[in-house]
Amino acid sequence: MRYLFELSGEHPDLPEWEAGALLSCSGSAELIERDALAAVFMGKATPDEFAHRISLSHFLSEHLMSVNLEDLESAVEEIDLSGYYTAALKARVAENRRPEMDTRDLIGRLGRIVSRKTKIDLENPDINLRIYIGESAHIGREIVSIDRSQYEKRKNRFLPFTSPISIHPRLARALINLTAKSPSSRLLDPFCGTGAILIEAAMMGMKTHGSDISKKMIDGSDSNLRHLNLNAELKRLDVGDIGEFSGKFDCVVTDPPYGRAATTKREPIERLYSRAMDAFAEILVPKGRVGIIVPDENILKYESQFELLKKASIRVHRSLVRNFAVLELK
Ligand SMILES: C[S@@+](CC[C@H](N)C(=O)[O-])C[C@H]1O[C@@H](n2cnc3c(N)ncnc32)[C@H](O)[C@@H]1O
C-alpha cells in the first residue's frame, strides 16, 4: 500500500525516519515523496501491524495522489466518492513554503467540490480526505489519527517513581522505533533509570530487559512498570556486567548518564561510554543495533565495532539538546 504520513514538526528528519523504520519492520519501505508536512512511502505492512507504534506522525492515510498545486481542484474532482455517504476534507498548508496562500479559501473551494458529490459530515464522516500542501499537494484517505496524548499520560510525573533524569515517553518510543528491526525484538536498556524506555518497549510487546547500577532506580522502574501492568526482567548491574543476562539481545536502546544530573559514580564519562560500547558488542546478536543518546557525538568511540546508521540532534528538554545515534554491529 502507498502510505501518506502527516509528519510532526518535532525534527526535520526523525519523523520520516521513524515512518520508514516502522514499515521496514514488516517487509519493505520505499520513500516515494517527501514534502514539508508529509512523506509518502510504499510498504508491504498493513496498518494494524505498525500504526499503533507511531510516535512522530499525526495521521496515517492511504495515499491517493500527489499533484501540482494548479491541478489540485481537478484532482479532488476526480476522486471517486460513490461508495461513501458522507465525507470530510481537511487541508494543511506549509506556511513557510506557501506564505501567500489563503488556506480557508482553499478549503472552502475544495469542500464545495466534495459537497457536490456527497454529504459533508465533519464529525463522523465515512471518508476523511487529508490534503497536505508544500511544494506539491498530497491527497490521502485517513486511516488513523495517531493518539499522541497517550505519551503525555505516561510522563514520569504521573508515575509512582519520579526523577528529573527521566526522558519523555514520546522520545523513548521514537528511539526504540528507529533502532529495533522487529516489533518482537529482545531489547535491553542497561541504564534504565526510571524505566521510560522499558515502558515503551513493553507496551509494544517487545521482550524487555533493563539494568542499572542503582538499586533505587531498579526498584523505581519496577514500580513504574507494575503501575502500568507491564513486565520486564530487571537486574541491578554495572553496565560492564550485562553479560549476566542470559542469551543475546537484538538491540540496546539507552540513555546513559551525561555527567550532569544523572550520576556516573564519579567515573570519567569517556571511560564509562567506552566500557559500555565493549559490553554492548558482547551481548548483541550479529548485526544487532544500539540506539543511544549522548551529550556530545565525539564522545562515542564505536568505529572498530559498529557502523553508524543514523544520527540526529534532539531536544531532550526545553533547554537541553542531545545527540542520538543508531549503530549496527559490524
Ligand atoms: C540518564 S539516566 C537514565 C534515564 C532514563 N532514560 C529514564 O528515562 O529514567 C542514566 C542512568 O544510568 C545509571 N548509571 C550510571 N552509571 C552506571 C553504570 N556504570 N552502570 C549502569 N548504570 C549506570 C544511573 O543510575 C541512571 O539511572
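Is Lys287 buried, exposed or partly exposed? In this predicted model, Lys287 has a relative accessibility of 42% and therefore counts as partly exposed. The assignment follows because partly exposed covers the range between the limit for buried, under 20%, and the limit for exposed, over 50%. Lys287 belongs to strand β13, which spans residues 284-294. The angle of Lys287 is near 65°, a positive value in a residue that is not glycine. Most residues other than glycine have a negative phi.

Asn229 also has a positive phi, near 60°, and is likewise a residue other than glycine. Its setting is a loop, the one between α8 (215-227) and β11 (233-236). Relative accessibility of Asn229 reaches 73%, so the residue counts as exposed.

The ligand site was examined next. A shell of 23 residues surrounds the ligand. The closest are Ile167, Thr194, Asp212, Asp238 and Asp255. Sorted by class, the shell contains 14 nonpolar residues, five polar ones and four charged ones. An oxygen atom of the ligand lies 2.7 Å from an N or O atom in the side chain of Asp212. Another pair involves Ile167, where a backbone N or O atom is 2.9 Å from an oxygen atom of the ligand. At Ile213, a backbone N or O atom is found 3.2 Å from a nitrogen atom of the ligand. Taken alone, the ligand exposes 610 Å², and the protein buries 99% of that area.

Asp212 deserves a separate description. It is part of strand β10, residues 207-212. With a relative accessibility of 10%, Asp212 counts as buried; the value is under the 20% limit. Asp212 and Asp278 are 66 residues apart along the chain, and their C-alpha atoms are separated by 17 Å.

Aromatic contacts form another theme. The structure holds five aromatic pairs. Such a pair is described by the distance of the ring centres and the angle of the planes. For Phe5 and Phe41, the centres are 5.8 Å apart and the planes meet at 85°, so the pair is edge-to-face. The cut-off for that class is an angle over 60 degrees. Phe5 sits in strand β1 (residues 2-7), whereas Phe41 sits in strand β3 (residues 38-43). The pair therefore ties together parts that are 36 residues apart in sequence. Phe5 is buried, at a relative accessible area of 0%. Phe41 is buried too, at 4%. Both residues take part in one aromatic cluster, which is formed by Tyr3, Phe5, Phe41 and Phe50.

A further pair joins Phe245 and Phe249. Their ring centres lie 5.7 Å apart and their planes stand at 90°, so this pair is edge-to-face. Phe245 and Phe249 are both buried. Phe249 also has a charged neighbour. Arg186 lies over the face of the Phe249 ring, 4.2 Å from the ring centre.

His63 is located in strand β4, residues 57-67. It is buried, with a relative accessible area of 7%. The His63 side chain makes a polar contact with the side chain of Ser66, at 2.8 Å. The side chain of His63 also reaches the backbone oxygen of Met65, at 3.4 Å.

Arg141 is placed in strand β8, residues 137-145. Its relative accessible area is 25%, and Arg141 is partly exposed. How far apart in space are Arg141 and Glu62, C-alpha to C-alpha? The separation is 5.1 Å, although the two residues are 79 residues apart in sequence.

Key
Residues are numbered from 1 along each chain as its sequence is written. This is a predicted model: local features need pLDDT of at least 70, side-chain atom pairs count only at pLDDT 80 or more; totals for chains, interfaces and linings use all residues. Side-chain values use heavy atoms; hydrogens and water are left out. Rings of Phe, Tyr and Trp (its six-membered ring) pair if their centres lie within 6.5 Å; planes under 30 degrees apart count as stacked, over 60 as edge-to-face and the rest as tilted. Helices (H or I, at least four residues) and strands (E, at least two) are DSSP runs, numbered from the N terminus. Buried means under 20% relative accessible area, exposed over 50%, partly exposed in between (1.4 Å probe, protein chains only). A charge sits over a ring if NZ of Lys or CZ of Arg is within 6 Å of the ring centre and within 35 degrees of the ring normal. A residue is near a molecule or strand if one of its heavy atoms lies within 4 Å of it. A polar contact is a pair of N or O atoms within 3.5 Å; within protein, one must be able to donate a hydrogen and the other to accept it, and residues adjacent in sequence count only if both atoms are side-chain atoms. Accessible areas come from the Shrake-Rupley method with a 1.4 Å probe; for residues, only the protein chains shown count as cover. Ala, Val, Leu, Ile, Met, Phe, Trp, Tyr, Cys and Pro count as nonpolar, Asp, Glu, Lys and Arg as charged, and the others, Gly among them, as polar.
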